[in-house]
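Morning, everyone. I'd like to walk through one model today, starting with charged side chains. Please have a look at it first.

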Amino acid sequence: NENGFLVDPYDADGFASATLEIFANSEKAKIFGKKSAEIASHHDIKKSFKKVVAVYEDAIHHGRGKTT
């Protein structure tokens with residue numbers, strides 16, 4: 001991966017291993033950081049928020065938001 005490690009959220013050992021690898025390899029950490037910043041620079045929080053709101057509105061209007 002170009003900007004980090006993908007770890008199963010229930011794999012504590014895998015998470016620990018990935019974290020230790022980043023701490024042990026400062027060059028890899030820098031590369032991950034630069035790539036993450038580059039990816040983030042292409043996102044607009046207002047556009048992302050509008051997309052999330054649209055998903056919730058769609059769910060509500062199509063009855064998937066009912067809790068009863």
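Is lysine 35 buried, partly exposed or exposed? It is partly exposed, because its relative accessible area is 23%.

A word on confidence before we go on. This is a predicted model. The mean pLDDT is 91, and 93% of the residues score at least 70. Helix α1, residues 12-24, has the highest confidence, at 96. The lowest is in α3, at a mean of 93.

Now the salt bridges. The count is three. Lysine 35 pairs with glutamate 2, with the closest N and O atoms 3.3 Å apart. Glutamate 2 sits in the segment before α1 and lysine 35 in helix α2, residues 26-40, so this pair ties together parts that are 33 residues apart in sequence. Glutamate 2 counts as exposed, at 53% relative accessibility.

Lysine 35 also bridges to glutamate 38, at 3.4 Å between the closest N and O atoms. Both residues lie in α2, three residues apart, about one turn of the helix. Glutamate 38 is partly exposed, at 41%. So Glu2, Lys35 and Glu38 form a linked network of salt bridges.

Then there is lysine 28 with glutamate 21, where the closest N and O atoms are 2.8 Å apart. Lysine 28 is partly exposed at 24%. Glutamate 21 is partly exposed too, with a relative accessible area of 35%.

Last, a nonpolar item. Val52, Tyr56 and Ile60 make a nonpolar surface patch, together about 340 Å² of accessible area. Tyrosine 56 belongs to helix α3, residues 45-61. At 58% relative accessibility, tyrosine 56 counts as exposed.

Note on methods: Residues numbered from 1 in each chain as written. Predicted model: local features only at pLDDT ≥ 70, side-chain atom pairs only at ≥ 80, totals over all residues. Heavy atoms only, no water. Patch = residues over 30% accessible without salt bridge, like charges linked within 9 Å, V, L, I, M, F, W, Y side chains within 5 Å. Areas by Shrake-Rupley, 256 points an atom, 1.4 Å probe, with all protein chains shown as cover. Salt bridge = Lys/Arg side-chain N within 4 Å of Asp/Glu carboxyl O. Helix = DSSP H or I, 4+ residues; strand = E, 2+ residues; numbered from the N terminus. Buried < 20%, exposed > 50% of the residue type's maximum accessible area, 1.4 Å probe, protein only. pLDDT = per-residue confidence, 0-100.
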